[in-house]
Amino acid sequence: MNPDRLFDLAAEFAQATGNAERFHADAASTTGDAHTANTKKATEWEAAAARRREHLRAALREALRGTVTAVPDRKLPVATWQRGRVEIRATTTDRARAVRVRYTPAQALAAEAALIACAAITDEQAGGTLTSILGVFPPNPSTGDEPASDAGTPA
């Protein structure tokens with residue numbers, strides 16, 4: 001979609017919303033027939049604004065349709081700035097557009113588990129490169145590097 005057309009749709013929506021608010025304000029300060037006329041005009045502009053908002057949304061969906069290829073943000077790939085939300089941040093490969101995915105804590109845990117499982121499978125198929133990136137578990141402090149025994153008691 002042409003950016004000028006998107007701008008025009010946004011301007012039409014803003015104009016209709018502004019007109020509705022203006023007529024509501026006029027209705028609040030008048031009585032009798034003037035109040036009725038202003039309320040009617042406000043209702044008409046609200047309906048126009050709703051139609052224009054839907055046209056704008058449809059145009060935006062069409063303009064932004066398709067797959068976005070993005071890479072993790074270099075400085076802050078994960079953020080928790082909004083209470084109750086975990087945000088994954090990325091940018092398009094040409095660094096022209098930010099991409100954000102917001103999860104609830106439960107969704108973030110589910111996504112994390114799925115990513116770890118996929119990483120493990122992919123790593124195994126690629127020859128096991130994650131072991132050099134991820135640190136191994138520290139040794140057991142009471143026994144050094146000995147693993148737990150088969151007898152069911154901790155080492």
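The model is predicted, so local features are given only at pLDDT of at least 70 and side-chain atom pairs count only at pLDDT 80 or more, while totals for chains, interfaces and linings use all residues. Residues are numbered from 1 along each chain as its sequence is written, and side-chain values use heavy atoms, with hydrogens and water left out.

**Overall fold**

- The chain holds 4 helices and 4 strands, where helices (H or I, at least four residues) and strands (E, at least two) are DSSP runs numbered from the N terminus.
- Along the sequence these elements follow the pattern α-α-β-β-β-β-α-α.
- Of the 155 residues, 15% count as buried; buried means under 20% relative accessible area, exposed means over 50%, and partly exposed lies in between, with a 1.4 Å probe and protein chains only.
- Among contacts (heavy atoms within 4.5 Å) between residues at least 6 apart in sequence, 26% join residues at least 24 apart.

- Not counting residues up to four places away in sequence, asparagine 38 touches Phe23, Asp26, Ala27 and Thr30.

**Salt bridges**

- The whole structure contains 6 salt bridges, each being a side-chain nitrogen of Lys or Arg within 4 Å of a carboxyl oxygen of Asp or Glu.
- Glutamate 12 pairs with arginine 5 in a salt bridge whose closest N and O atoms are 3.9 Å apart; glutamate 12 is partly exposed at 33%, and arginine 5 is partly exposed at 36%.
- Glutamate 54 and arginine 57 form a salt bridge at 3.1 Å between the closest N and O atoms, and both lie in helix H2, 3 residues apart, about one turn of the helix.
- A salt bridge of 3.6 Å, N to O, joins the side chains of glutamate 87 and arginine 100, a pair that links distant parts of the chain, with glutamate 87 in strand S3 and arginine 100 in strand S4, 13 residues apart.
- Glutamate 87 is buried at 3% relative accessibility, while arginine 100 is partly exposed at 37%.
- Glu87, Arg89, Arg100 and Arg102 are linked in a network of salt bridges.

**Aspartate 73**

- Aspartate 73 sits in the loop between strand S1 (70–72) and strand S2 (78–79).
- Although buried, aspartate 73 has no salt bridge, and the nearest side chain of opposite charge, arginine 100, is 4.5 Å away.
- The side chain of aspartate 73 reaches the backbone nitrogen of lysine 75 at 2.8 Å, and a polar atom of that side chain lies 3.2 Å from the backbone nitrogen of leucine 76.
- Leaving aside neighbours within four places in sequence, aspartate 73 is in contact with Arg89 and Ala90.

**Arginine 95**

- Most residues other than glycine have a negative phi.
- Arginine 95, which is not a glycine, has a positive phi of about 60°.
- Arginine 95 lies in the loop between strand S3 (86–92) and strand S4 (98–103) and is partly exposed, with a relative accessible area of 35%.

Conventions: Lys and Arg count as positive and Asp and Glu as negative; His and the chain ends are not counted. A polar contact is a pair of N or O atoms within 3.5 Å; within protein, one must be able to donate a hydrogen and the other to accept it, and residues adjacent in sequence count only if both atoms are side-chain atoms.
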